[in-house]
Amino acid sequence: MRKIKKDTVLGYCFILPAVIYMLVFIGYPIIYNWLISMQDVTAKTLGSPVRDFIGLDNFITIFGDATFRASLVHTFVYTIGCLVFQFLFGFIFALFFTKKFSLAKPIRGFIVISWMLPVTVTALVFKFMYADNGIINTILLNLHLIKEPLGWLLDGKMAMVGLIIANSWVGIPFNMLLLTTGLNEIPAEIYEASSIDGANKIQQLFRLTIPLLKQTILSALVLGFVLTFKVFDLVYVMTGGGPVDSTEVLSTYSYKLSFQMFHFGEGAAVANVLFVCLLAVALVYLHVSSSEE
Amino acid sequence: MKKIHLKERQKSIILTILAILIACVFLFPIYWIVINSFKIDSEIFANPPTLWPRAFTLDAYKAQLRNLTVTFKNSVIIAGGSLCISLLLSVPAAYGLAKFKVKGTKVFMLVFLITQMLPASLVLTPLYLTFSKLHLLNSYLAPILSTATVSIPFVVLMLRPSFMNIPTELVEAAKIDGCNALSAFLRVVVPISKPTVVTAACFSFVFAWNDLAYSMTFNTKDAFRPMTSAIYTFMNQYGTQWNKIMAYGVLLILPCCIIFVTMQKHIVEGMTSGSVKG
Amino acid sequence: MKKTAALLSISLLAATMAPMMVSAEEASPEGRTEITFWHYMSEDKEGKYVNQAVEEFNNSQDEIWVNAQYLPREELMKQYTIGVVSGELPDVGMVDNPDHNSYASMGVFEDITDLFNSTEGCNFLEGSIGSCYYEGKLYGVPWGNNCLGLFYNKDLLDAAGVEVPTNWSELEAACEALTTDTTYGLAISAIGNEEGTFQYMPWLYSAGGSVTDMTGDGAVKSMEYLYGLIEKGYMSKEVIKWTQADAEKQFASGQAAMMINGPWQFDGIANDAPDLNYGVTLVPKADDGDYASVLGGENIGICAGTEHLDEAWTFITWITSAEKSADICSSIGRYSPRSDVNIQEMFADDPLNSALAAAMDGAVSRGPSPVWPELSAAVYTAEQEIFTGQKDIPTALADAQATIDGLGME
């Protein structure tokens with residue numbers, strides 16, 4: 001009896017410091033953020049000990065703000081665009097690299113490096129490549145795919161496409177890895193059996209691989225959604241939300257409201273909208289991954 | 001039989017060539033960062049762009065040697081500090097969650113899973129206001145404390161499964177040899193799991209190293225600015241001096257590349273286990 | 001085993017030591033009063049002359065020690081806004097002259113009317129010191145002036161057989177002749193910040209417009225003209241991303257045959273393209289309008305809440321004195337804002353500077369108005385919306401005017 005008790009105490013000693021740390025530096029700020037979003041916090045009231053409680057005024061203000069509504073739409077467009085793009089390529093890469101040929105594993109491993117690099121640098125190098133006379137336009141011109149240079153980051157829609165491509169560069173390897181893990185768990189015998197039954201490769205893909213990978217695919221998509229939806233660095237560095245707000249997303253707009261215009265209350269309100277969206281998806285994910293077990 | 005074998009080999013060669021091509025296209029941006037940092041100003045936007053510098057030069061590095069060294073040092077201090085906090089807290093936590101049957105394990109796991117999914121932008125405003133009150137803005141501590149929150153949940157989720165695989169008998173044996181729970185953890189568990197712990201350390205370092213949002217918001221003075229926010233500020237000021245921007249870029253990706261190349265296998269394994277589930 | 005334990009203990013040590021490594025600022029010599037001075041003259045360019053001057057001041061006496069700190073412009077503005085509340089302001093601070101009013105209204109700067117009136121030898125041009133007044137009180141003094149002109153690449157113009165353009169039609173014709181596969185006719189900065197508004201104003205005012213009347217003919221004509229240059233391919237679409245420093249790079253590398261820029265770029269061009277054969281003239285005027293120029297430059301003031309008011313004032317009067325002002329301004333590509341410094345005389349044998357300094361006469365000032373930053377944002381946003389094709393000209397300008405009307409200016 002005593003031993004069990006001692007074990008419990010020890011267990012808490014190991015676990016609690018990290019939990020407490022996370023509660024202090026993430027949990028408390030989340031609650032504080034709700035408080036700020038219901039107060040009138042600007043550069044002028046920042047220092048005063050008592051700030052006016054204004055209820056949902058900040059939320060009413062932001063929902064009446066065209067830029068906020070646009071950034072909400074952009075966030076979803078961006079997220080869905082990235083998901084489709086990086087999942088498709090991730091899946092193709094995963095199928096390709098699970099084929100048996102020499103160097104398959106090391107090359108697959110190397111591609112993953114794009115996931116490790118600072119997003120700031122990724123954003124910058126893509127910005128550089130997208131320039132009017134940058135390498136991408138030059139290649140496209142030489143292949144005669146375009147007649148004049150594309151204004152990649154100069155036009156709202158193109159800038160969004162540019163962001164999606166850059167983000168997918170980071171996301172593809174991640175999707176590839178998750179899906180590879182799933183693919184490797186499928187026993188080879190199943191394929192052998194089906195090829196005896198006369199199923200061709202494409203039938204195998206849709207009738208066997210995809211249904212068997214359902215759980216993995218679902219978690220890759222949900223996880224991808226969460227990781228993409230909270231984008232900040234990439235958009236902030238590459239387009240800064242521009243040209244003229246056309247790639248503004250929730251996180252960059254929240255940052256701008258708080259730290260460029262010093263409307264902390266409104267910035268916090270935007271962040272909370274982001275929080276609600278993410279939490280909803282995170283709960284779905286937890287549900288999915290627990291039903292997996 | 002022999003024919004089939006040959007066909008298989010041919011197929012393998014074709015696939016390998018294809019894979020190499022894919023990798024070359026895919027990794028081109030990295031090459032582009034490195035190669036452009038060695039070009040002179042006028043060659044940056046040469047038409048057509050040069051794949052190899054006509055005049056190979058270190059000017060872009062020399063021109064900003066002082067900035068590079070200061071910001072590199074800042075990045076190392078911030079990433080190093082964050083790594084320490086993260087490991088100190090998350091390695092024991094992962095062990096506790098793996099090997100002790102305590103009430104609330106599920107709740108604790110949930111705390112880590114959910115906090116891992118939340119973005120920096122959510123807590124920037126409240127943390128800024130708090131740090132401002134505590135006079136922690138423009139210090140190394142503010143980004144260290146905040147970036148550790150990125151890696152702690154990741155490391156916990158990544159290490160827990162590998163700690164679970166350690167046979168309980170080993171720990172029991174150590175205890176019989178006179179170890180208490182802590183020394184058994186330090187002398188037996190950690191050494192056995194060394195590769196995963198080192199991988200965890202690498203991730204913690206890289207996450208903090210890559211951070212832009214926290215350090216950009218909390219540290220506005222040059223003296224404490226890490227490379228990520230320095231390169232961003234630099235780009236805003238000298239937008240088209242891409243060779244100098246890329247020189248920062250090379251130093252920024254250098255640690256990540258070194259870590260990645262030396263530990264590739266562990267990193268790739270850790271990536272999936274750390275971000276998916278415990 | 002031991003290694004890991006050692007690693008952990010080192011980590012612990014490092015973590016506890018981190019807070020101690022916080023401060024790294026240079027200590028002042030003993031016995032002196034230390035004052036801090038924030039400026040945004042970037043360290044590798046103008047900043048080195050500022051540092052030189054500060055060093056000279058520090059060596060010239062033994063009571064005051066000035067600690068100069070560089071912050072990028074945007075960053076500096078942020079720090080002022082936040083600093084009012086947190087109390088973390090320097091003793092002396094530099095500010096872009098159109099923003100001075102706004103910061104004075106927020107309480108960033110100390111009222112120095114009395115100090116100024118009781119000090120002799122403070123002779124500044126009226127147009128320049130005007131931006132330092134807010135509600136009748138003085139919050140700083142001018143540091144340096146600048147203005148915009150047309151820079152042209154003589155070799156390219158000669159090769160194309162083009163005369164230096166003086167009005168919009170000539171400019172457009174010149175652009176047409178100069179634009180090739182690798183070279184644009186003209187480079188400007190139309191970026192989404194104060195620089196964009198600054199560069200747009202000469203066009204606006206030459207066409208008879210004003211920043212408070214964005215739906216008038218002047219605004220419409222000037223936007224149509226500039227957007228036309230982009231549409232015809234004479235100006236890169238990338239101008240919406242270019243700072244004035246970027247425009248300089250384009251010009252120096254020969255990728256733009258002409259550019260709109262100011263005197264602080266002479267140094268940059270000399271560095272980037274020492275052999276570039278170029279000239280400077282006034283920004284071309286509207287065909288039926290007059291030449292227009294815009295007053296740029298910085299002011300410096302004493303920040304609110306300083307404990308060293310007199311020392312700060314001593315430093316300011318020293319660094320803006322006739323001798324120092326003439327000296328520093330010519331090094332950093334500014335024109336001295338003092339009425340007792342004769343600029344034309346100073347640049348008698350410097351054709352570039354004297355041509356550009358001519359544009360200082362009658363240069364339009366931005367503001368002064370406490371809501372200038374918001375007003376400016378409305379102007380550059382409209383310009384960006386038009387140049388990217390997101391809105392047509394009447395819509396963008398009407399939206400800008402609606403924003404400006406909402407600012408409650410008298």
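This is a predicted model: local features need pLDDT of at least 70, side-chain atom pairs count only at pLDDT 80 or more; totals for chains, interfaces and linings use all residues.
**Chains A and B**

Chain A has 14 helices and zero strands. Chain B has 12 helices and, again, zero strands. The elements of chain B run α-α-α-α-α-α-α-α-α-α-α-α. The table sets out the remaining values for the two chains.

| Chain B | 278 residues | 54% of residues | about 75 × 70 × 35 Å | 76% of contacts |

**Where chain A meets chain B**

Chain A puts 71 residues into this contact, and chain B puts in 72 residues. Helix 1 of chain A, residues 2-37, supplies the largest share of the chain A side, with 19 residues. The class make-up of that side is 52 nonpolar, 15 polar and four charged residues.

**Where chain C meets chain A**

Here the contact takes 15 residues from chain C and 13 residues from chain A. On the chain C side, the elements that give two or more residues are helix 3 (73-86) and helix 17 (372-387). Helix 3 of chain C gives the most, with five residues. By class, the chain C side holds four nonpolar, eight polar and three charged residues.

**A sheet in chain C**

Four strands of chain C form an open sheet. Their order is 8-9-7-10, and the pairing is mixed. Strand 8 (184-187) and strand 10 (278-281) of chain C stand at the edges. Each has a single partner strand, so one side of each is left without a neighbour in the sheet. On average, neighbouring strands of this sheet are turned by 20° against each other, direction ignored.

Strands of a sheet pair through backbone hydrogen bonds, in a parallel or an antiparallel way. Strand 7 (residues 149-153) and strand 10 of chain C run antiparallel, joined by four bridges. Across that pairing, Phe151(C) stands opposite Val280(C), which belongs to strand 10 of chain C.

A helix also packs on the sheet: helix 11 of chain C, residues 244-252. Helix 11 touches strand 7, strand 8 and strand 9 (256-261) of chain C. The direction of helix 11 makes about 155° with that of strand 9 of chain C.

**Met346(C)**

Met346(C) lies in helix 15 of chain C, residues 343-346. Why does Met346(C) count as partly exposed? There are 17 C-beta neighbours inside 10 Å of Met346(C). A residue needs 20 or more to be buried and 12 or fewer to be exposed, so a count in between is partly exposed.

Which residues does Met346(C) touch, leaving out those up to four places away in sequence? They are Ala326(C), Ser330(C) and Val341(C). Ser330(C) sits 16 residues from Met346(C) along the chain, and their C-alpha atoms are separated by 9.0 Å.

Conventions: Residues are numbered from 1 along each chain as its sequence is written. Chains are lettered from A and ligands numbered from 1 in the order in which they are written. Two residues are in contact if their C-beta atoms, placed from the backbone, lie within 7 Å. Ala, Val, Leu, Ile, Met, Phe, Trp, Tyr, Cys and Pro count as nonpolar, Asp, Glu, Lys and Arg as charged, and the others, Gly among them, as polar. Two strands pair if DSSP finds at least two bridges between them. Axes are lines fitted to C-alpha atoms, for helices over the stretch in contact, and angles run from 0 to 180 degrees between N-to-C directions.
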